[in-house]
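Here are a few notes to read alongside the model.

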Amino acid sequence: MKKKKRNTNQGSNVRGTLVGFFLMFCAIALLFGWVYKIGVNRPPLKYALIPESTIEYLRNLNNINPGQGINLSDEGPMDWDNDEDFGQTASGDMKWRFEEDENFIVYYHKDKDALWQGYAQQVLKYADAAIPSMIDLMGRYYYPKDMNGRKLAIYLAESENVYNNTINQLMNTNPASRHTGSIGITVFSIGRTGCMTDGIVIHPDCFKDDPHGENGYYKVLLHEMNHYVFFSSLDYSKPIKHYLWVSEGIAEYYCQRNDGKQISSPEAIAFIEQKCALNSEFPLTDNSAYWAGESFYLHLGNQNEKRVKDFINLAYTTSTDSVFILSKMDQSTTHKKWVEDLRAHQLLETEEMPEEPEVQ
Ligand SMILES: [Zn+2]
């Protein structure tokens with residue numbers, strides 16, 4: 001009995017040990033699985049250290065450009081899931097509906113939903129159709145699989161109040177803040193886990209006219225999507241400082257605000273000659289970062305658009321001044337050539353100076 005009992009004990013000890021090993025194996029497997037999942041869900045920590053000069057560049061962008069919002073934090077964005085979007089968590093009067101596909105989620109307000117649902121469906125179509133040309137110009141695009149599964153969120157604001165309120169929510173700014181002077185904005189959260197786009201917000205005025213018009217929602221959407229790609233592409237582990245015209249000019253060039261036409265008014269050319277040196281900010285009071293920035297890229301791509309693509313590709317990893325050095329372009333000489341190009345173009349065409357676009 002004893003022996004038998006001992007044998008039984010030994011048997012159960014062996015079984016117990018086996019069960020123990022099995023449970024430990026399961027625990028380790030689960031742990032590895034969990035760690036792996038975290039690894040899969042989070043981008044590599046390549047932004048672990050953002051140089052102070054890059055932080056300064058991003059902070060300054062917030063100050064000088066009402067058409068952009070950047071939330072900077074040490075930890076970086078943690079909630080990449082669309083379930084955490086303001087478009088889904090808002091309740092009461094601010095509750096949103098949405099249309100989505102595999103790449104985008106477009107939020108629209110619950111009121112007047114037949115009209116706004118139609119806009120949301122059209123925005124989805126425009127956004128998807130823009131991806132190939134974005135890849136062509138910018139060299140890349142970021143699908144949800146590149147963004148921890150996050151779809152690019154687009155908010156269609158049906159009123160000025162909703163526009164302001166949405167931006168304040170995305171930027172955690174004072175609920176009373178007004179964002180006058182912009183008709184579209186892209187809000188980013190940037191930190192050590194990467195650059196997450198909280199959302200693109202489009203102003204209600206953009207839905208009043210032809211979507212393909214100068215300030216129609218088609219062009220504003222393309223402009224803001226260009227920011228999504230540009231700012232998602234910057235290597236935040238490097239010291240980077242760009243003049244505002246670098247990012248706004250390429251967004252204008254991409255959305256073809258002026259239908260891809262180069263400026264030709266003598267006033268605009270004189271303005272560029274006197275005030276738009278390529279080693280400086282263009283005057284901030286004249287929205288010249290937009291229209292003169294676009295003009296520069298039109299000049300650069302005049303003979304070969306590859307020059308624009310190469311310029312942007314370099315801008316992802318280094319500052320504007322270094323982009324010129326690496327491209328073997330002297331900033332002062334390039335500026336002179338740009339103005340000469342505009343004067344030659346002016347002889348071919350006489351046009352009014354385009355109206356200053358509203359800030360986006
Ligand atoms: Zn912009």
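1. Let's begin with Asn71, whose contacts (heavy atoms within 4.5 Å) beyond four places away in sequence are Leu170, Met171, Val187, Phe188, Ser189, Ile190 and Asp198. Asn71 is part of strand S1; strands here are DSSP runs of E with at least two residues, helices are runs of H or I with at least four, and both are numbered from the N terminus. With 16% relative accessibility, Asn71 is classed as buried, a label that means under 20% relative accessible area, against over 50% for exposed and partly exposed in between (1.4 Å probe, protein chains only). The side chains of Asn71 and Asp198 also make a polar contact of 3.5 Å. That term covers a pair of N or O atoms within 3.5 Å; within protein, one must be able to donate a hydrogen and the other to accept it, and residues adjacent in sequence count only if both atoms are side-chain atoms.

2. Before going further, please keep in mind that this is a predicted model: local features need pLDDT of at least 70, side-chain atom pairs count only at pLDDT 80 or more, and totals for chains, interfaces and linings use all residues. Residues are numbered from 1 along each chain as its sequence is written, and side-chain values use heavy atoms, leaving out hydrogens and water.

3. Strand S5 (residues 184-191) deserves a look: eight of its eight residues are buried, so S5 is largely enclosed by the rest of the structure. In a regular strand, side chains alternate between the two faces of the sheet. Here Gly184, Thr186, Phe188 and Ile190 are buried on one side of S5, and Ile185, Val187, Ser189 and Gly191 are buried on the other.

4. What joins S5 to strand S1 (residues 68-72)? Five bridges do, and the two strands run parallel; Ile70 sits opposite Phe188. S5 and S6 (residues 194-202) are antiparallel, with eight bridges, and a hairpin of two residues links them. Gly191 has Gly194 as its bridge partner.

5. Zooming out, the open sheet has six strands in the order S1-S5-S6-S4-S3-S2, with mixed pairing, where pairing takes at least two DSSP bridges between two strands. S1 and S2 (96-100) are the edge strands, each pairing on one side only. S4 (residues 152-156) runs parallel to S6 through three bridges, and Leu156 is partnered with Ile202.
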